[in-house]
Amino acid sequence: MRTCWINGQFVPESDAKVSIFDRGVLFGDGVYEVAAVFNGRLLDADLHLARLVKSQAAIGLPAPLDTAAWLDVMQEVATANGIVEGLVYLQVTRGAAERDFPFPAQVSPTAFAWARPKRLSDDPNAVGVRVHAVPDIRWGRCDIKSTSMLAQVLAKNAARQAGAFEALMHEDGVVTEGGSSTLWMVKGGALFTRPLSSDILAGITRDVTLELAAELSIPVREEAFTVAQAIAADELFLTSATSFVLPITQVDDAQVAGRLVGPITTSLRNAYLARAERLTAAIV
Ligand code: PDD
């Protein structure tokens, strides 16, 4: 059985429980992070924890743990479960209190973390995935990594029912992001991704990919693109902490670039994997 961490204790999964009065359960009143585990070590957990701090601040949630304590918990939950490649999930909610929409006067946050294995270096999806286009029906603060995610649940469920790996969300035909990923296209040798705003999450993998693109001298334009442009792109791919850089070869029934994985996507994925190797090998 899995070992999880909740409110200061490592416990078997069956003992990791939250109250039915927890505001995470009642309102989705919480924030979360997902970081990769590579070679048994956390990858970019410091960057994810910096974003957690921002998400907590954005919703007025007191931080139950500081970054150093979270790093210990995250590494321990990965190690205790023998995760070599996988992910660590952590969540902070406002805590349990009598149901009332405004913040309770007396409440302490609920915090928990768990880990699970996932193939990262030899991800079977790296041959290219299909995405399903859906309208983005989310709220106005998509920059907060909130656990209120019914819109993404519906988008990604529609994608799965359509036989696709991920949802491609758009506002009136302009791509926002994936259901749980950042979207990118290559056109005429340049990399395009939507600029940061409250319309999308500031992906950690997005930041790293921008750095790698600079190292590889790939020109970048932080500009929005349409679904039609995505279909007509030379290359299309997504990024996330748990998919790294993943080629997209089909948007619904439309093939992208003859379903071939392009050279820029391939070099960015390889550079991402090499960086992950380098960073995790440096940690003892
Ligand atoms: N999702 N956009 C959305 C809406 C996301 O939920 C995510 C991550 C991303 C990519 O962010 P990052 O590169 O920091 O992982 C973009 C995580 C993986 C999840 O919910 O499982």
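**Exercise 1. Find where the ligand lies relative to the two domains.**

Solution. Start with the shell: domain 1 (3–117) and domain 2 (124–280) both give residues to it, so the ligand lies between them. The domain bounds come from an automatic or database domain assignment. This is a predicted model, where local features need pLDDT of at least 70, side-chain atom pairs count only at pLDDT 80 or more, and totals for chains, interfaces and linings use all residues. Residues are numbered from 1 along each chain as its sequence is written, and side-chain values use heavy atoms, with hydrogens and water left out.

**Exercise 2. Describe the residues around the ligand.**

Solution. First, count them: 19 residues surround the ligand, each with a heavy atom within 4 Å of it. The closest are Y32, R51, E177, I204 and T205. Next, sort the shell by type: five residues are nonpolar, ten polar and four charged. Here Tyr counts as nonpolar and Gly as polar.

Terms used:
A residue is near a molecule or strand if one of its heavy atoms lies within 4 Å of it.
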